[in-house]
Protein chains: 2
Amino acid sequence: MRPLKNNYYRMKAVFIGSGNVATHLAAGLKEKGVTISQIYSRTLSNAEMLGKKLDCPYTSDIYDIQTDADIYFYALKDSAFKHFIRSFDMPNAIHVHTAGSIPMGEFDGFATKYGVFYPLQTFSKGKPVDFSEIPICIEACNSEVQLKLLDLAKTLSSKTYIITSEQRKKLHIAAVFACNFTNYMYDAASQIMEDSGIPFEIIQPLIAETADKIKTMTPYAAQTGPAVRYDEKIIRKHLYMLIKKPKLRKIYKLLSKNIHKRHTDR
Amino acid sequence: MRPLKNNYYRMKAVFIGSGNVATHLAAGLKEKGVTISQIYSRTLSNAEMLGKKLDCPYTSDIYDIQTDADIYFYALKDSAFKHFIRSFDMPNAIHVHTAGSIPMGEFDGFATKYGVFYPLQTFSKGKPVDFSEIPICIEACNSEVQLKLLDLAKTLSSKTYIITSEQRKKLHIAAVFACNFTNYMYDAASQIMEDSGIPFEIIQPLIAETADKIKTMTPYAAQTGPAVRYDEKIIRKHLYMLIKKPKLRKIYKLLSKNIHKRHTDR
């Protein structure tokens, strides 16, 4: 038999979870030659959907989970994670979770080889992503596992980082601001525009440029708008116009105050 | 003399103001053949900087402003605008402002031909922009002026819109959310990362993808993160970790609450 240069070509991976992260990560790994040997989800229809998509076995029965895989990916809601690692005993396999906020230490006592495989990206089921540009943050229980996880990560992406649990927790909070809250700002804009019959497309170039700017400038230096130049007249007008949208009004007020403070305190 | 097909090739434009909008708009117009015949700024050094950049006359003396231009662009802080239009009397020229929040009616009684020329984009002095992709929102006092402004806008951009003052005001608020507040979310992320020694670059692909998603999905459908799936455990952890950053903590709390509400009320 011809020796395989890269071990991950014969790696067998089981995914516990079938959400957005599992869907994209499993598809990305499969494309690189990793065998996805099973998908588990508590909800059979979800397991089935992803299993069929990846052309691999699937189950919703925890007792049917294969025990001979090389690596187990736990891509679950944080609250479900603890329950699962306590249910398993596959000491030879590597166990990794894909979450921003779970410390690696949670595996302690429940697995021998373990780590974290955290792709820092926002995944939506409908939209394909290019994994080669996605930073993958690795943490491992020892250097041997670290090497294996790094190898695997490098098959997917040119951007791999060794990140401690403490750093990863902070990174996750930063990601909530830079992605989830940012998207909510877009959503707020769309609500305001919808009410006035303005098509959302008109604001898309602005959104693209705002994201593009911070590739070459710090966000601090890139800040523009009425709050940073403290144009009280506009701020007051806007607050007045938002009177029928009290939730957005409160956000406008709080963020404007903070932007102004951030740029005068320094 | 060979007749010029496009009148704007012999148009003479004066800019009142030398900030980010004036800088980029004047440069964009000049590139398309418009003669920038003068830059005015209250601060001589600012007028000089832009004047030299565009190789055109400049002044900080309001009495030196040329009176024979075809079009006057008022690219000023809103609070300075009223003062200026009251000082001028060039009835044959078109007077336009470039602001999101000033109603066109403010010209009423002070000019005969007037309108609004509002490029919906974020401009920073250091970063060049591609005007061909920037939506330009036009409003005019009559159809003759509207035609001229539309013609001029179309030389700059493939995206021109007729937008009323009422719509423009709303659009401006939407832009504050989609651009200024979004950028502040990036800034918040960078503050959190800086404290943990994580390079900002690691989050840039996430920011790019977040902006890219809403080209093909609504922001409502693109929403991800602990708030929308109501992962209380993570939200509580994050709030605990933000205890030393009370301003960001308050923002985290308010936005999470709003995202959750937005996705359960519907």
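At what angle do helix α8 and helix α9 of chain A pack, and how far apart are their axes?

1. Basis of the note. This is a predicted model, in which local features need pLDDT of at least 70, side-chain atom pairs count only at pLDDT 80 or more, and totals for chains, interfaces and linings use all residues. Residues are numbered from 1 along each chain as its sequence is written, while chains are lettered from A and ligands numbered from 1 in the order in which they are written.

2. The helix pair. In chain A, α8 (residues 232-241) and α9 (residues 246-265) pack at an angle of about 160°, and their axes are 9 Å apart. Axes are lines fitted to C-alpha atoms, for helices over the stretch in contact, and angles run from 0 to 180 degrees between N-to-C directions. Helices are DSSP runs (H or I, at least four residues) numbered from the N terminus. The two helices, α8(A) and α9(A), are therefore roughly antiparallel to each other (angles over 145 degrees).

3. Residues between these helices. From α8(A), the contact uses A:Ile235, A:His238 and A:Leu239; α9(A) supplies A:Arg249, A:Tyr252, A:Lys253 and A:Ser256. Residues are in contact if their C-beta atoms, placed from the backbone, lie within 7 Å. By class, this contact has three nonpolar, two polar and two charged residues. Ala, Val, Leu, Ile, Met, Phe, Trp, Tyr, Cys and Pro count as nonpolar, Asp, Glu, Lys and Arg as charged, and the others, Gly among them, as polar.

4. Domains of chain A. Chain A is divided into domain 1 (7-163) and domain 2 (169-265), with bounds from an automatic or database domain assignment. The C-alpha centres of these domains of chain A lie 35 Å apart. Their contact takes six residues from domain 1 and five residues from domain 2.

5. Relation of the chains. Chain B is superposed on chain A by a rotation of 180° with 0.0 Å of shift along its axis (RMSD 0.0 Å). The two copies are thus related as by a two-fold rotation axis. Superposition is by least squares on the C-alpha atoms of residues with pLDDT of at least 70 in both copies. Of the residues of chain B, B:Thr182 comes closest to the rotation axis, at 2.5 Å (C-alpha).

6. The interface. The contact between the chains takes 79 residues from chain B and 80 residues from chain A. On the side of chain B that touches chain A, the largest share, 24 residues, comes from α5(B). The residues of that side divide into 43 nonpolar, 21 polar and 15 charged.

Notes
Contact = placed C-beta atoms within 7 Å. Parallel < 35°, antiparallel > 145°, perpendicular 65-115°, else oblique.
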